[in-house]
Amino acid sequence: MEGNLKFFAKSLLFASLLFVCCQQPRNENSVHDLMVGVSVVDMTPPIGYPVHKVTSDGVLDPLEIKAMVFEQGEHVGALVMVDLFYMPLELSDLVRTLAAEKTGIPVPNICLAATHTHADPTCYDEIEEYTLKINAHEFIEKEEYVYVEQLVQKIVTSIFEAQAKLKPVVLKSGMVHVDGLSFNRRHLMTDGTVRMNGGFLNPAIIRTVGPIDPELGILLFEDKLDKKAFVSFTTFAMQLATIGSTTKFSSDFPYFLEQGLQQHFGSGFLSVFGEGPSADVNHWDITQPGPQIGYEDATSKVGEKLAAAFLQNLSALERNNNESLMIDNKIVGLPLQSYSSMDLEWAINHKDSTISSLVTARINKIRSLHKLREKYGDVIPMEIQVFAFNDETAIVTLPGQIFVELGLELKSKSPFKNTLVLTLANSHEETIPLRKAFPEGSYEIIYSLIESGGGEM
């Protein structure tokens, strides 16, 4: 069975990526310019609205929706980054449908992804309730779900506005190494266990059990007429969790990345950032003293370092003269984890509020699995999208929080020299580990709903 899964995983990976190159001649679009339009819309909630599950009392920097629309000939697609912790499937389905109706962009060619900021608006229960009522055509009171209704409208509007600003571009792309910024957070301890964030300067840590991906993926778009860069899309495999506990909204370090790039390109420059595969990677260097969190002490420094690496390597970004936009998507069925009837009864009836956070996570996990199995059965559909811009450059979008090893494997097998892997796209919050991590256990496994081997698939 495992051999079949390995064969299927490899076949699917190559099919998903190579289909983009092979479904029709790559020079079909060569007579058309690659067009790009962008927009940015503020989505910061009013003060008092929950921020990461606590009441907010301020704003460190604005939360935003950043939309990019790509068009060449008959091919058109949209990529939207939203300053949320994750992208609920209910929100994604509703927005993509409404945006397709308003813009004519096909639903499979629209990607909504969360930046994974940990200073996000806690609107997820509200989103679920709102979309349930919308889908059931139920009446919604004017004062109900105000923020979520505005959020839906703003995301749709961002795509429409970006489409209205399409203009011919020149694309430059590349991968830049940024060292000393990201660290694998899974540590093998002297007692034989694997622990997430084993502790600063902890002598009980033997080593990390996984790698990092130090590459900052860069797409830089210049206006073809005035030769000025006006937008970039970047990915980096590190969690947006640099602030720590906060009562203020923030987009985390991408804000400072944009500030740094605007100092070079101008105040109107738009930096669109997406989190790469980093379910097991953060910014904590455990060989140094902690706590290594805070807006000034960590967030700003991370963003500034990424901006510096970007700008220092501008001359290394390559221009490919064979732009040929192609977009594809695939649905992959991943097996859900199992649980017993005894587990379910316990999870449904448990009332003790004094239990640990990990036990609470286990309860929520069983409830979530039960809900998903009632909807999908044993296999949950996951969507992969590919935005290919030329023979060398593509964005691959994946749902959930992906282990960095899986992202590295995908990039090594990709037919595109510059493969930017974007996570938390279109659906799914939980981690998607690699097979070897399941027997190791720890936090990321507790918060996974996918069966072992699902990440490789």
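1. Two strands count as paired if DSSP finds at least two bridges between them. Strands here are DSSP runs of E with at least two residues, and helices are runs of H or I with at least four residues, both numbered from the N terminus. With that in hand, S13 and strand S14 (residues 229-236) pair in the antiparallel sense over six bridges.

2. A word on the model before going on. It is a predicted one, in which local features need pLDDT of at least 70 and side-chain atom pairs count only at pLDDT 80 or more, while totals for chains, interfaces and linings use all residues. Residues are numbered from 1 along each chain as its sequence is written, and side-chain values use heavy atoms, with hydrogens and water left out.

3. Back to S13 and S14: they form a hairpin with five residues between them. In the turn, Lys227 has a positive phi of about 65°. On the pairing with strand S8 (residues 167-177), nine bridges join S8 to S13, and the two run antiparallel. Leu171 has Phe221 in S13 as its bridge partner.

4. How many of the nine residues of strand S13 (residues 215-223) are buried? Eight are, so S13 is largely enclosed by the rest of the structure. Buried means under 20% relative accessible area, exposed means over 50%, and partly exposed lies in between (1.4 Å probe, protein chains only).

5. Next, the cavity. A cavity is a set of points, on a 1 Å grid over the protein atoms alone, where a 1.4 Å probe fits but cannot get out; lining residues have an atom within 4 Å of a point. By this rule there is one cavity of 30 Å³ or more, and the largest cavity has a volume of about 60 Å³. Grid points are joined across faces, edges and corners, and the volume is the space filled by probe spheres set on the points.

6. Which residues line the largest cavity? Among them are Met175, Asp213, Glu215, Thr235, Phe236, Lys411 and Leu420. The elements that give two or more residues to this lining are S14 and strand S23 (418-422), and S23 gives the most, with three residues.

7. S23 also belongs to an open sheet of four strands in the order S19-S20-S21-S23, with mixed pairing. Strand S19 (326-335) and S23 stand at the edges, each with a single partner strand, so one side of each is left without a neighbour in the sheet. Strand S21 (residues 393-397) and S23 pair in the parallel sense over five bridges, and the bridge partner of Thr397 in S23 is Leu422.

8. Ile384 is found in strand S20 (residues 379-388). Is Ile384 buried or exposed? At 15% relative accessibility, Ile384 counts as buried. The C-alpha atoms of Ile384 and Ala164, 220 residues apart along the chain, are separated by 27 Å.

9. Another open sheet has three strands in the order S11-S10-S12, with antiparallel pairing. Strand S11 (194-196) and strand S12 (205-208) stand at its edges, each with a single partner strand, so one side of each has no neighbour in the sheet. Strand S10 (residues 186-189) and S12 pair over three bridges, with Met189 opposite Ile205 in S12.

10. Finally, a helix residue: Gln262 is found in helix H5 (residues 254-265). Gln262 is buried, with a relative accessible area of 18%.

Terms used
1 Å grid on protein atoms, 1.4 Å probe; cavity = no way out; pocket = protein on both sides within 12 Å on 5 of 7 lines; lining within 4 Å.
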